[in-house]
Amino acid sequence: MCACAVETRVADSMADEVVLDRSQVKKAVQALQAFLKSQSKSNSQLLDEAQKISVQFTLWKIPRQAQTIRIPLPHGQRTDTDEICLFTKDEPNMTPEQTQRFYKKLLEERGVKGISEVIPYKMLKAEYKPFEAKRRLLGNFDVFLSDDRIRRLLPSQLGKEFYKRKREPLCVDLQSKHLARDVQRLIQGTKLNVTNKGSCCLTHVGHSSMTADEVTENVQAAFQTVLEKIRMKGPIIKAVHLKSLASVALPVYCSNLKHLSVLDAIQTEKAAAKRLTKTKQSKKSKKQTNTTAKRKEEEEEEEIPQLVPIETPTKKPKLEKPIKKNPPQKTPKPAVKKAAKAPGKRMKRTGKMESKGRRKVQKTK
């Protein structure tokens, strides 16, 4: 049987077995809420702020690819004090202030509540360009939403800090007919960032001011959606813990040791499949070598054609060349004497020299 078939069969059988015990989850939620109440009393906080409750998933294997899973929750996990910011597209022939007023009016008409600030794209580029302004923006709001039409332009303007802290804005279709419902699902829902750098991932499912039943229902919904949407084969979830920011992780689910035997079976099946492929390849290579050897033997056994000597052309005897008689010697022509140079120049020069000598002789007298 192929290893892929074994993995699918095992995953289908284990999907039915992996179920959260509601009573165990409720006990853990009640214990965590009691711990958070005692901690708030001991610290004597002036403002009774609700603390977040999170679910930690431990996977059997490190995923090959990173993935972001959106999880709709039956009960909203955000408080009324959470600040929400919306990034919108720039409307044509409008200033940033006019577009801000336009979208605030649109949200009121559609019945969208809870959004405290609307920032157009031009305003984001102009007012939040420095690094300190971006950090201030990140600290002032709890949730960020963005128009679906400008989602590709935001990473270059927001910077690395938003994505390092996993606070990237959630996309909303502002042209939707059911805008209020879509916005509430995004705000009150949650998301799980599955990375390929480790086997643990965490998501928020509630806060300390919620009831125990609401938190348990949110935990069960998150567990089921992760099982359905995560891109992994075979056994997926090893353990599930419930925790807050400063508390110990309380176990809610722990898989059986059967999963180890399942993983071993999958690995053995994969190893067997590899061996089969190797043996098939070796057999094919042996067959090829045998056929080539047979062909060589057959070629050698074939009759070698007799070599016929090539007739070399016989050399013709050299004919004796007739001795040529010496031709009559030509009488040398008498050398023509060169014409003597005209003595005019010499005479002129000698005349000049004689005249000069006479002049010198006259001076000496």
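Q: How many helices and strands does the chain have?
A: In this predicted model, the chain has eleven helices and ten strands. Of its 365 residues, 32% are buried.

Q: Why is V240 called buried?
A: A residue counts as buried when its relative accessible area is under 20%. V240 has a relative accessibility of 1%, and because this value falls under the cut-off of 20%, V240 is called buried. V240 is found in strand β9.

Q: Which residues is V240 in contact with, leaving aside its neighbours within four places in sequence?
A: A contact requires heavy atoms within 4.5 Å, and by that test V240 is in contact with V55, Q56, F57, F223, L250, P251, V252 and Y253. As for C200, it is 40 residues from V240 in sequence, and the two C-alpha atoms are 9.7 Å apart in space.

Q: What makes a group of residues a nonpolar core, and which residues have the most contacts inside the largest one?
A: The members of such a core must be buried residues of listed kinds, Val, Leu, Ile and Phe among them, and they must be joined through side-chain atoms within 4.5 Å. The largest nonpolar core here has 33 residues, and those with the most contacts inside it are F57, L192, V219, F223, I237 and L242. At least two residues of this core come from each of α2, β1, β2, β7, β8, α9, β9 and β10, and the largest share, six residues, comes from α9. Apart from this core lies another, of 17 residues, including L145, L170, V172 and L174.

Q: Which residues does F57 touch, not counting those up to four places away in sequence?
A: F57 touches L192, S199, C200, C201, T203, A222, F223, V226, I237, A239 and V240.

Q: How much space lies in the largest pocket, and which lining residues are closest to its centre?
A: About 1,000 Å³ of space lies in the largest pocket. Its lining has 37 residues, of which K52, R78, T190, K191 and H204 are the closest to the centre. The lining takes at least two residues from each of β1, β2, β5, α8, β7, β8 and β9, with β8 giving the most, five residues. At least three lining residues come from each of domain 1 and domain 2.

Q: What makes a lining residue charged, and how many of each class are there?
A: Asp, Glu, Lys and Arg count as charged, and the lining of the largest pocket has 14 charged residues, along with 13 nonpolar and ten polar ones.

Q: Why is N93 called exposed, whereas K166 is called partly exposed?
A: The word exposed applies to a relative accessible area over 50%, and partly exposed applies to values between that and 20%. N93 has a relative accessibility of 81%, so N93 counts as exposed. K166 has a relative accessible area of 44%, and therefore K166 is partly exposed.

Q: Where are N93 and K166 found, and what phi does each have?
A: N93 is found in the loop between β3 and α3, and K166 is in the loop between α7 and β6. N93 has a positive phi of about 60 degrees although it is not a glycine, and K166, also not a glycine, has a positive phi of about 60 degrees.

Definitions and conventions: Residues are numbered from 1 along each chain as its sequence is written. This is a predicted model: local features need pLDDT of at least 70, side-chain atom pairs count only at pLDDT 80 or more; totals for chains, interfaces and linings use all residues. Side-chain values use heavy atoms; hydrogens and water are left out. Buried means under 20% relative accessible area, exposed over 50%, partly exposed in between (1.4 Å probe, protein chains only). Helices (H or I, at least four residues) and strands (E, at least two) are DSSP runs, numbered from the N terminus. On a 1 Å grid over the protein atoms alone, a cavity is a set of points where a 1.4 Å probe fits but cannot get out, and a pocket is an open set with protein on both sides within 12 Å along at least five of seven lines; lining residues have an atom within 4 Å of a point. Grid points are joined across faces, edges and corners, and a volume is the space filled by probe spheres set on the points. Domain bounds come from an automatic or database domain assignment.
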